[in-house]
Structure formats: structure tokens, C-alpha cells
Amino acid sequence: MNITIVGTGYVGLGTAIMLAYLGYRVTGLDTDLQKIERLRAGDLPIYEPGLDELLRQAQGNLTWTTSYEESIPKADIIFICVGTPALPSGQPNLTYLESAARSVARNLDGKTQIIVNKSTVPIGTADWMTRILEEHAVHYHTNRYDIVSNPEFLREGTALSDSLYPDRIVLGGRPWAVARLHELYAPLIEQSFTPPPHVPRPSGYTRPAVVNTTLTSAEMIKYAANAFLALKISYANEMAGLCECVGADIEEVTGGIGLDARIGTRFLAAGAGWGGSCFGKDTSALVSTGEEYGYDMPILRAAIDVNRRQRTLVIEKLQRHLRLLKGKRVAVLGMAFKPNTDDLRDAPAHDFIARLASLGASVVAYDPVAMPRARQEWGHLQYSEARSASAALAGADAVIIATEWDEFRLLDWDAAVLTMRTRVVIDARNLLRMPLSVAATVEQIGKDAGPAPTMAQASA
Ligand SMILES: NC(=O)c1ccc[n+]([C@@H]2O[C@H](COP(=O)([O-])OP(=O)(O)OC[C@H]3O[C@@H](n4cnc5c(N)ncnc54)[C@H](O)[C@@H]3O)[C@@H](O)[C@H]2O)c1
Ligand SMILES: O=c1ccn([C@@H]2O[C@H](COP(=O)(O)OP(=O)(O)O[C@H]3O[C@H](CO)[C@@H](O)[C@H](O)[C@H]3O)[C@@H](O)[C@H]2O)c(=O)[nH]1
């Protein structure tokens, strides 16, 4: 089977390299020539742990192109993985999708071809794309071409494991087209491939569930899943606020409730809230879809509000300790929206830096991998770069931990805070294991506020 992947961003690259590893001939197509040239040179344009190694292993099955004319006619299956970012209105911007669908349509060649939507798209998009195919395909025939909705559930940072060992594969569409996708995914469904040594099969993992649905239900499943995960995090953050009021510890609370199998322990980590390219845009998109039907979604709106409040809360905690931020030096550790990625989209650190700078603080930021990308994308922000986490802390009046990179867990915090001018640590990801052995003010999220006891005080 020949596969073409349209859009080689986080999802397209993960999908292309994974399918090539499974043995398919895959062409990755992107309109961004620079990206394609880097890929041709074997250089990944994104940071994703283990992806470079898998790329090397799958290289022989991969071709990169900017040409629809060259790749679409020979493809049996065409995956659409272009971005669907949010418009200021909250609705998804479908211009990339529309342009990709038109270009695909114009180059369909009359043999049986399946167009698979992996992008997260508003409910009803498959019908809209069918009309684009009808309008623009030279050889359109409904029995030959079909659209399947196959939403992607991978997380950045763990994309390889999520792709090779998914919980479920959702396939929405007509039976004949869905059957072709079953065939394509057989190695994943049967788990008959040899796992790459650096991405071993998780212990206890057997195989994914395959969920066959209508097109509309598949589109809805993607949004409903993301919205549920987002509101789970907001629920934990709302409880964290109450924990601070009553003197409880959110991690003890979520640990306690999570042991109920109906609740589960995952996605209950309180902190700076969710960021990234998906939760924000997908929750807004779902609320917008509701509005189009006159259907209010108060739970989701509240989850979005709580998430917004978490970012403000972090700066408020800092103000409580430093009072005036004007002229203060504040270190921000972590710029990526989560660890193990260089993705900066909707990263809480962005809002922290912007707010701190607007309050007159001088910001020094450090991230283990995202700084080069920030140089390109955050030129509008005022901050200076540090060479390391400890360099960022040296001489600072306060530090905000914005991303829970392991590197920050492994930092010698006792030594690092001693180099600060005033030792105020706002741990917005509850990363530190307390107490520190030197006197410092450490604020976490959903924990009793106030100066942390030193080791000596704690053991007294
Ligand atoms: N990032 C994730 O973790 C994730 C996970 C699951 C689903 N999704 C969804 O998958 C989709 C893609 O997300 P992403 O993060 O990979 O996006 P991205 O912005 O990283 O990549 C999109 C790519 O599409 C290319 N592109 C744009 N228009 C094109 C066109 N007409 N023809 C060919 N290429 C074109 C861009 O140049 C870019 O390389 C979105 O709908 C997103 O919601 C993302
Ligand atoms: O308990 C938690 C878990 C996550 N987060 C934050 O939530 C955001 C999203 O994290 P995560 O879901 O791990 O990363 P994404 O790569 O954005 O993945 C989400 O969005 C993708 C795009 O739709 C989906 O495919 C994935 O299934 C879904 O988890 C990040 O800012 C995390 O810091 C928390 O604050 N607390």
C-alpha cells in the first residue's frame, strides 16, 4: 500500500514515520519547502523523544515532497494531518484543510483511493470535504473515493508510544473504506510488528480496541475526549484552590480519589493548567459548535475559565511574596507547554513572561529544548535567555517553575536557591519534593501556602 501524509507537523510526522516503520511506503507532503528540505536531509524539524531514531530505522520507506501532483495519484490512502488552529472567535481555522482537500481532489486519479482525516476537525467536516471532492476532483466517483475519520490521540512527548500502542483506533465511515483502514492498521491491531528497541511495548499492553462509528461520531469522539481530559485537569485545579483554603494537600486528595477505578489517577495533576495546541482550541471549538446550535455548554465554559484563572494565580502568588514586581529579576524555568517537546503553542510560560514584563520585572528564561524555537516565535516577548536552570536562578528575586522537565527535578535546589537574591520559588507544576534543606519560600499549587520549614525545623 502507498500512503501519502499531507501535513508533516507533529501528527503528520509521527504518523508517517510510524507507518514507514511498519513497512509501508510513505510519502510525506508539506507546502513548507524548508521543512521538506530538512526532512530530506534527515533532520527533524520538531523535537520528539525517539523520533530521530525511528526515522533512521524507517528511512528507506520514506519520501518527502511538496508536490501534490507527484504524490497523490499513486497513493492508495491519503492522510490529512494539516493544522486546524483556533480563530479569535474560538472556531477552528479550516483554511489549511480546505486548501489541502482541494489539492488532493484535483490530483485523485480514478483508482480506489481513501482520504483519511487525522486532523481534529469540526463535526460535519467530512460531509463538507466530500462536497469539495465532488467539486474539484477530475475523476470523482462516489464508489471509488471515500473519506474516513480517524482521529489522532497521540500526546506530544510520548507520540511514538501512543502511536504504536494506542488504547483505541477510531474509524468513522462507510464499511468498505473502514475495511481498508483495518487492513492498513492490521500490524497495530494484531501487534504483530517487532517493537523498536527504544519504544518497547508497555508492560501489560495487549492490543488496541477498534471502534467503528459513523463519520460524525468519530469527529465527536475526538472533541469529547479532549474536553473531558481538559475538564478533569480543571476539576483538579479547582479542588487545589479549595485545598489551599482549608489546608489540605491536593496530591493527597487526588491520590485518594484516583484509587477509585471509576475516577483514575491520570490527568489530575494540579498546577499552571493545560496548554498546548489541542485542549484550548478544542474546548473552544466545542463551545462554538454548541453555540451554533443554540446549545449552552456551562461545564466546558467553566473548565476554560478555571484554566485561565490558574495562570493568573501563579503571578498573584508571586506578587504576594515580592509585592512590587517592578525592577525585580524573575527566572522562568520551562517554556514548552509540557516536558519532552519544543512546542510553545499556548504555553503557560508565554503568559507568565508577558505578564511579568508588563509589570516591570526583568525576566530570565531557560528551557532544555525550546529556546531556539522561542527565539523564532516569541520575538514579541521581553526576556533574556539563561544557559542553564542554575544560571537562571543566580541573582534572581524569584523563580517560577512553568514546565516539569526532569532536568528541573534533578537540579540541586538547595544549592541553586542559595544563589538567589531572595529565595522565592513558585512551583507551578508541583515538581519539588519538600522540604528544601535551606530556608526558602516555596509556593506550590493546592498545598498549604507559606514559608516551607527547613529540614532542621521539620525534624525538630
Ligand atoms: N499536536 C498534537 O499533539 C495533536 C494530536 C492529535 C491531533 N492533533 C490534530 O492534528 C492536526 C495537526 O496538528 P499538528 O500539531 O501536527 O499541526 P502542525 O501545525 O504542527 O502541522 C501542520 C502542518 O501542515 C502543513 N500544511 C498546512 N497547510 C498545508 C497544505 N495545504 N498542504 C500540505 N501541508 C500543509 C504545515 O506546513 C505544517 O507542517 C490538528 O488538527 C490538531 O488538532 C494534534
Ligand atoms: O494532569 C495533568 C495532565 C496534563 N496537564 C497539562 O495539560 C496539557 C496537555 O497535556 P497532554 O494531554 O499530555 O499533551 P497534548 O500533547 O496536548 O495531548 C492532548 O491533546 C492531543 C491533541 O488533540 C491529544 O491527541 C491527546 O490525547 C491529549 O492528551 C499540558 O499543558 C500539561 O501540562 C496538566 O496540567 N495536568
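Me: What percentage of the 460 residues of the protein chain count as buried?
Reply: The model is predicted. A residue is buried if 20 or more other C-beta atoms lie within 10 Å of its own. Of the 460 residues of the protein chain, the share that counts as buried is 47%.

Me: Among contacts in the protein chain between residues at least 6 apart in sequence, what percentage join residues at least 24 apart?
Reply: The secondary structure comes to 19 helices and 14 strands. Of the contacts between residues at least 6 apart in sequence, the part joining residues at least 24 apart is 70%.

Me: Which helix gives the largest share of the shell around ligand 2?
Reply: The shell has 21 residues, of which Glu156, Ala269, Trp274, Gly276 and Cys278 come nearest. By class, 11 are nonpolar, 6 polar and 4 charged. The largest share, 3 residues, comes from residues 215-246, helix α10.

Me: Is Arg155 buried, exposed or partly exposed?
Reply: UniProt, in an unreviewed entry, lists Arg155 among its "binding site" positions. Arg155 lies in the loop between β6 (145-149) and α7 (159-164). Because Arg155 has 15 inside 10 Å, it counts as partly exposed.

Me: Is Gly271 buried or exposed?
Reply: Gly271, also one of the "binding site" positions in the unreviewed UniProt entry, is found in the loop between α11 (250-258) and α12 (279-292). Not counting residues up to four places away in sequence, Gly271 touches Ala428, Arg429, Asn430 and Ile445. With 25 other C-beta atoms within 10 Å, Gly271 is buried.

Me: Which elements give two or more residues to the shell around ligand 1?
Reply: By class, this shell has 10 nonpolar, 11 polar and 5 charged residues. Of its 26 residues, Gly7, Gly9, Gly83, Ser119 and Thr120 come nearest. The elements that give two or more residues are α1 (10-21) and α5 (95-107).

Terms used. Residues are numbered from 1 along each chain as its sequence is written. Chains are lettered from A and ligands numbered from 1 in the order in which they are written. This is a predicted model: local features need pLDDT of at least 70, side-chain atom pairs count only at pLDDT 80 or more; totals for chains, interfaces and linings use all residues. A residue is near a molecule or strand if its C-beta atom, placed from the backbone, lies within 6 Å of it. Helices (H or I, at least four residues) and strands (E, at least two) are DSSP runs, numbered from the N terminus. Ala, Val, Leu, Ile, Met, Phe, Trp, Tyr, Cys and Pro count as nonpolar, Asp, Glu, Lys and Arg as charged, and the others, Gly among them, as polar. UniProt positions are given in the numbering used here, feature names are shortened, and annotations may be inferred rather than shown by experiment. A residue is buried if 20 or more other C-beta atoms lie within 10 Å of its own, exposed if 12 or fewer, and partly exposed in between; C-beta atoms are placed from the backbone. Two residues are in contact if their C-beta atoms, placed from the backbone, lie within 7 Å.
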